[in-house]
Amino acid sequence: MSNSDQSRVQTASLSPDKVMHKLVSLAKRRGFIFPSSEIYGGLSSCFDYGPLGSEMKKNIKDLWWHSMTRRHANIVGIDASIMMNPTVWEASGHVASFNDPMIDDRTTKRRYRADHLIENHIEKLRRDGKTEQAAKVQKAYEAVAEAPDANRALYELILAEAIKAPDTGSGDWTEVRQFNLMFQCAMGAVADTSNIVYLRPETAQGIFVNFHNVREASRMKVPFGIAQIGKAFRNEIVKGNFIFRMVEFEQMEMQYFVKPGTQIEAFEAWREERFNWYIDVLGINREKLHWYKHDKLAHYADLAYDIKFAFPFGIEEIEGIHSRTDFDLSQHQKYSGKNMEYIDQTTNERYIPYVVETSSGSDRLFLALLSDAYQEDVVDGEPRVMLKLSPRVAPVKAAVLPLMKKGEMGEKADRLRDDLSKSFLVQYDDAASIGKRYRRQDEIGTPFCFTVDHQSLEDNTITVRYRDSASQERIDMARAAEFLGAKLV
Ligand code: GAP
């Protein structure tokens with residue numbers, strides 16, 4: 001970008017609390033994300049991806065799939081069914097313990113996470129400088145895990161601290177109860193407990209139960225991985241923050257099967273690769289990404305980290321990387337009665353492989369990308385909104401803009417659009433001034449605009465206008481597809 005270009009673009013300052021509001025409204029107005037079944041008043045935490053949103057989400061999933069499967073000769077993909085034999089969820093531990101401790105307010109009929117109420121209370125005490133009391137409550141909270149009746153202990157702590165509901169100020173509490181997050185449905189004509197099936201709360205179990213099928217069919221040798229993208233469902237009580245926490249969402253998970261004893265080495269390699277993927281492939285700003293190491297591990301894990309992203313509402317998880325030991329395969333061996341061992345053909349060793357899991361959510365990632373990309377600036381004295389998305393992620397790769405829609409100029413632009421459409425999603429726009437058309441494209445993150453103008457009629461060149469700098473250059477029209485292809489590798 002030249003100095004004169006820089007002076008044409010000035011970044012406006014943006015208050016973070018307003019960004020979410022702006023994102024939600026842009027997402028709806030431009031067809032990225034709509035509230036689900038909106039004409040009936042919507043459904044809490046359910047959303048639909050519109051024409052641009054579904055393209056962008058597909059780009060995210062394609063980039064993940066390409067990086068995980070095509071770029072690794074020892075990783076293959078599957079697409080398992082959402083409903084599975086219900087014993088799967090007994091074996092995995094989800095029936096017994098995929099629970100959140102919930103508490104109800106009798107007066108307002110609202111439901112809350114009991115643990116969140118206490119954590120927020122401790123946080124508030126700290127903010128108010130009541131450090132001694134905060135430490136005392138923290139200690140009591142930590143002791144809950146060891147209590148013979150953890151629900152009772154949570155309830156008593158809430159009463160002892162006179163904790164009120166954050167939104168209503170009411171505190172007419174019921175006892176604390178464990179609430180299972182899995183959605184149940186009945187399969188077949190009779191609705192009784194014998195035919196309960198669950199909507200899967202994670203895609204991972206579809207991979208574990210197919211361990212031998214995939215290994216045999218694809219002649220895989222440990223270490224190898226199985227990748228999957230698919231819907232997961234959780235009856236989340238605490239919802240909100242747009243598509244950050246949904247009841248129906250999509251996961252992109254990979255289970256990497258390794259020899260016991262080699263899991264930490266594999267874990268570290270995946271940790272590095274996954275973190276760099278967000279920066280190198282998706283173009284997310286490095287300073288918005290954070291590591292979080294789990295000190296309290298799930299009973300089956302021997303190491304766990306989260307990759308977190310600085311959303312406008314706080315730093316939150318977008319991907320979990322877990323060393324899950326041999327827990328899942330051992331459990332499926334126990335509950336199915338099928339041997340889950342792997343036999344190393346060269347050494348004749350037999351073992352149940354350990355698993356390193358990378359588990360990311362495409363909806364959360366979508367929101368991370370939108371909020372990372374959202375910018376307001378001033379170009380040539382005019383304010384504009386821009387999504388500074390990487391060309392790989394942007395839904396529309398280029399816009400074709402004829403200066404005049406009729407005659408030879410329009411015909412040339414038509415031909416250019418037809419040619420580019422063979423390989424890329426492009427938009428054709430011949431309505432309104434060229435400045436307005438540029439801004440329409442900036443707002444949806446289109447990285448390049450090709451303008452067909454008077455000079456195009458003389459020498460078959462077109463203007464390329466770059467979204468980020470608003471700078472322009474001329475290229476041969478015949479080279480437009482090659483130009484775009486080079487920007488997308
Ligand atoms: N198999 C491991 C597993 O499911 P998780 O940390 O519960 O781990 C992995 O979920 C990822 O799935 C999260 O990092 C997040 O991106 C996404 N995810 C989980 N719950 C979600 C929800 N309610 N809404 C949107 N995304 C969610």
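Colleague: Which residues of helix H15 (residues 434–443) are buried?
Modeller: This is a predicted model. Just after H15, Gly-445 takes a positive phi of about 85 degrees. Within helix H15 itself, the buried residues are Arg-437, Tyr-438, Gln-441, Asp-442 and Glu-443.

Colleague: Which residue joins its side chain to that of Arg-465 in a polar contact of 2.7 Å?
Modeller: Arg-465 sits in strand S23 (residues 461–466). Beyond four places in sequence, Arg-465 is in contact with residues including Tyr-438, Asp-442 and Phe-448. Tyr-438 and Asp-442 are both among the buried residues of H15. The side chain that makes the 2.7 Å polar contact with Arg-465 is that of Asp-442.

Colleague: Is Arg-465 buried or exposed?
Modeller: Buried means under 20% relative accessible area. Arg-465 has a relative accessible area of 2%, so Arg-465 counts as buried.

Colleague: Why does Gln-427 count as partly exposed, and at what relative accessibility?
Modeller: Gln-427 is in strand S21 (residues 426–428). Gln-427 counts as partly exposed because its relative accessibility is 27%.

Colleague: How many Å separate the C-alpha atoms of Gln-427 and Val-396?
Modeller: Leaving aside neighbours within four places in sequence, Gln-427 touches Val-396, and its contacts also include Leu-52, Gln-441 and Ile-444. Gln-427 and Val-396 are 31 residues apart along the chain. Their C-alpha atoms are separated by 6.9 Å.

Colleague: How is the chain divided into domains?
Modeller: The assignment gives domain 1 two segments, 3–88 and 198–372. The others have one segment each: domain 2 (99–180) and domain 3 (396–487).

Colleague: What distance separates the centres of domain 1 and domain 3?
Modeller: The centres are taken over C-alpha atoms. For domain 1 and domain 3, the separation is 36 Å.

Colleague: How many residues does each of those two domains bring to the contact?
Modeller: The contact is between domain 1 and domain 3. Domain 1 gives 10 residues, and domain 3 gives 11 residues.

Colleague: Which residues of helix H12 (residues 327–336) are buried, and what covers them?
Modeller: H12 is followed by Gly-337, with a positive phi near 75 degrees. The buried residues are Phe-327, Asp-328, Leu-329, Gln-331 and His-332. Their cover includes helix H4 (87–91), helix H9 (204–208), helix H10 (211–218) and S11.

Colleague: Why does Phe-309 count as buried, and at what relative accessible area?
Modeller: Phe-309 lies in strand S13 (residues 303–311). Beyond four places in sequence, Phe-309 touches residues including Ile-284, Leu-289, Ile-315, Ile-318 and Ala-368. The cut-off for buried is under 20%. Phe-309 is buried because its relative accessible area is 0%.

Colleague: Which strand gives the most to the shell around the ligand?
Modeller: In total, 21 residues surround the ligand. Strand S11 (248–258), strand S14 (314–323) and strand S17 (354–361) each supply at least two of the shell residues. With five residues, the strand that gives the most is S14.

Colleague: What is the make-up of that shell around the ligand by class?
Modeller: The closest residues are Glu-202, Arg-234, Met-246, Glu-253 and Glu-317. By class, the shell has five nonpolar, six polar and 10 charged residues.

Colleague: What share of the ligand does the protein bury?
Modeller: Taken alone, the ligand exposes 560 Å². Of that area, the protein buries 91%.

Colleague: What share of the 489 residues in the chain is buried?
Modeller: The secondary structure comes to 17 helices and 24 strands. The chain exposes about 23800 Å², with 49% of it supplied by carbon and sulfur atoms. Buried residues make up 49%.

How values were computed
Residues numbered from 1 in each chain as written. Predicted model: local features only at pLDDT ≥ 70, side-chain atom pairs only at ≥ 80, totals over all residues. Heavy atoms only, no water. Near = heavy atom within 4 Å. Areas by Shrake-Rupley, 256 points an atom, 1.4 Å probe, with all protein chains shown as cover. Helix = DSSP H or I, 4+ residues; strand = E, 2+ residues; numbered from the N terminus. Nonpolar A, V, L, I, M, F, W, Y, C, P; charged D, E, K, R; others polar. Buried < 20%, exposed > 50% of the residue type's maximum accessible area, 1.4 Å probe, protein only. Domains from an automatic or database assignment. Contact = heavy atoms within 4.5 Å. Polar contact = N/O pair within 3.5 Å; in protein donor to acceptor, adjacent residues only side chain to side chain.
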